[in-house]
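Student: Please take a close look at one strand and its surroundings. I would like a single connected account.

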Amino acid sequence: QVQLVESGGGLVQPGGALRLSCAPARSISFGPMGWYRQAPGKQREFVAAITRGRITNYADSVKGRFTISRDNAKNTIYLQMNSLEPEDTAVYYCNADGLSRTMLCPMAPYWGQGTQVTVSS
């Protein structure tokens, strides 16, 4: 098992911004990586994904507000979240798949513990 570690969550006012980071606990190279989120009492929801070649995909709900990026040398991905709304409140989970995979899918085997994002005035 490879553990992913997320950081950067916190409490922010509506309209504010946060930057999340995700990196493996030990050195390893991943293929596609991305972010999911889960609000209390709701299903896990896709947020954004990025391939090793930096091709990105976003959920409609975050397009134009969130930006995913990655540093392949550090095996780290980031999620810049701007114009945050109360509806963005959730635990954000990082996930990743191996180098043999091109696109991220929900069954990707590597996950982090999550980082809490709370958007409230």
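**Strand β3 and its partners**

Tutor: In β3, the bridge partner of Leu-4 is Pro-24. This is a predicted model, in which local features need pLDDT of at least 70, side-chain atom pairs count only at pLDDT 80 or more, and totals for chains, interfaces and linings use all residues. Residues are numbered from 1 along each chain as its sequence is written, and side-chain values use heavy atoms, without hydrogens and water.

Strands here are DSSP runs of E, at least two residues, numbered from the N terminus. Two strands pair if DSSP finds at least two bridges between them. Strand β1 (residues 4-7) runs antiparallel to β3, joined by 4 bridges. β3 also pairs with strand β8 (residues 76-81), again antiparallel, over 5 bridges. There, Cys-22 stands opposite Ile-77.

Buried means under 20% relative accessible area (1.4 Å probe, protein chains only).

Contact means heavy atoms within 4.5 Å. Beyond its neighbours within four places in sequence, Leu-79 contacts Leu-18, Arg-19 and Leu-20, among others including Trp-35, Phe-66 and Tyr-92.

A nonpolar core is a set of buried Ala, Val, Leu, Ile, Met, Phe, Trp, Tyr and Cys residues joined through side-chain atoms within 4.5 Å. The largest one has 27 residues; Leu-79 is among the members that touch the most others, as are Trp-35 and Met-81. β3 and β8 are among the strands that each supply at least two residues of this core. β9 gives the largest share, 4 residues.

Key:
Buried < 20%, exposed > 50% of the residue type's maximum accessible area, 1.4 Å probe, protein only.
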